[in-house]
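This report describes one protein model, part by part. Please look at the sequence and the structure first.

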Amino acid sequence: MRDTVTQADKLVLEGVTSGYGPIAIIRDLSLTIRKGEIFALMGKNGMGKTTLLKTILGLVAARSGDIRLDGASIVGMSPKSLVTAGVGYAPQEQPLFQDLSIRDNLRLAVQSDRDLDAALDKVFGHFPFLQGRLAQKAGTLSGGEQKMLIMARALMLGPDLLLIDEISEGLQPTVVARIAEALRAERAANGTTILLVEQNLNFALSVADRWAVLKLGEIDDSGTTQSDSRARVLEHLKI
Ligand SMILES: Nc1ncnc2c1ncn2[C@@H]1O[C@H](COP(=O)(O)OP(=O)(O)OP(=O)(O)O)[C@@H](O)[C@H]1O
Ligand SMILES: [Mg+2]
């Protein structure tokens, strides 16, 4: 019976500890995300959400514990090989090449120009404004447009697992709704598993199946996105 459950697990973290220098930020954290699930990870500023995503990607080394993707350990793998293995990442910080055009920023996400055309068609469906703006430098896009470009770039390769770090930060509600729609469509079409780090409670709970709150590098509470989850998460996010 356990085998069936394990097969349905996309990403498993088991007793993971990681941090910077001597300081542990993520502390003995265990978390399982199932295949095709949208999972919202929330928590106040500085609680370790970005560090956790970076640890999954190998950008911050796991000091102990195991991280498994489709049942195989990915500890020690390079971020590049994880991208090749189907992991997409929409980072929170310094995510775009400001002096490159939209087209070139998107092109860097794919292997060849042939892949580019198919991938572009797909992201134009989600974010139509990109279509007429391919030559514009990324650095001249508005903050909201840059966020959409980051999301588009993460979707380019059709990842099996998508890690998204506070994509809704500073976005108007209609753009947040468009991103929510893009994530639902991506999951419906490809069975994509999505780990969504968010502070926007309404957005997170409207797209996710389950949630967890991170507090000082540990999971403080978790649940499904039904019934009383909004009030519960809100309580955790209070300053
Ligand atoms: N490169 C670094 N070197 C040292 N400490 C760091 C580094 N990056 C982050 N930290 C610290 O690790 C802790 C967790 O930071 P992290 O960015 O993971 O939090 P977060 O939950 O993503 O916060 P936010 O909601 O503000 O994005 C913070 O105390 C932060 O100052
Ligand atoms: Mg962060």
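Glu-166 lies in the loop between strand β7 and helix α7. The model is a predicted one, and in it Glu-166 has a positive phi of about 50 degrees although it is not a glycine. Is Glu-166 buried or partly exposed? Within 10 Å it has 19 other C-beta atoms. A residue needs 20 or more to be buried, so Glu-166 is partly exposed.

Leu-216 also has a positive phi without being a glycine, at about 45 degrees. Its place is the loop between β9 (210-215) and β10 (218-224). The table sets the two residues side by side.

| Residue | Phi | C-beta atoms within 10 Å | Class |
|---|---|---|---|
| Glu-166 | about 50 degrees | 19 | partly exposed |
| Leu-216 | about 45 degrees | 14 | partly exposed |

Strand β7 covers residues 161-165, and five of its five residues are buried. Which residues of β7 point one way, and which the other way? Leu-161, Leu-163 and Asp-165 point to one side, while Leu-162 and Ile-164 point to the other.

Strand β7 pairs with β6 (residues 87-90) in the parallel sense, over four bridges. One of the bridge pairs is Tyr-89 with Leu-163 of β7. Strand β7 is also joined to β8 (residues 193-197) by five bridges, and these two strands run parallel as well. Here Leu-161 has Thr-193 of β8 as its bridge partner. Between β7 and β8 the chain passes through helix α7 (residues 173-190), and this β-α-β crossover is right-handed.

Ligand 1 has a shell of residues around it. Among them are Tyr-20, Ile-25, Asn-45, Lys-49, Thr-50 and Gln-92. The shell divides into three nonpolar residues, seven polar and one charged. Which helix gives the most to this shell? Helix α2 (residues 49-57) does, with three residues.

Last comes the protein as a whole. It contains nine helices and ten strands. Its C-alpha trace spans about 45 × 40 × 35 Å along the principal axes. A compact globule of 239 residues would have a radius of gyration near 18 Å, and the protein has 17 Å, which agrees. Of the 239 residues, 37% are buried. Among contacts with a separation of 6 or more, 68% are between residues 24 or more positions apart.

How values were computed: Residues numbered from 1 in each chain as written. Chains lettered and ligands numbered in written order. Predicted model: local features only at pLDDT ≥ 70, side-chain atom pairs only at ≥ 80, totals over all residues. Rg over C-alpha atoms; globule rule 2.2 N^0.38 Å. Buried ≥ 20, exposed ≤ 12 C-beta atoms within 10 Å, placed from the backbone. Contact = placed C-beta atoms within 7 Å. Pairing = 2+ DSSP bridges. Right-handed = clockwise from strand over helix to strand, strands pointing away. Near = placed C-beta within 6 Å. Nonpolar A, V, L, I, M, F, W, Y, C, P; charged D, E, K, R; others polar.
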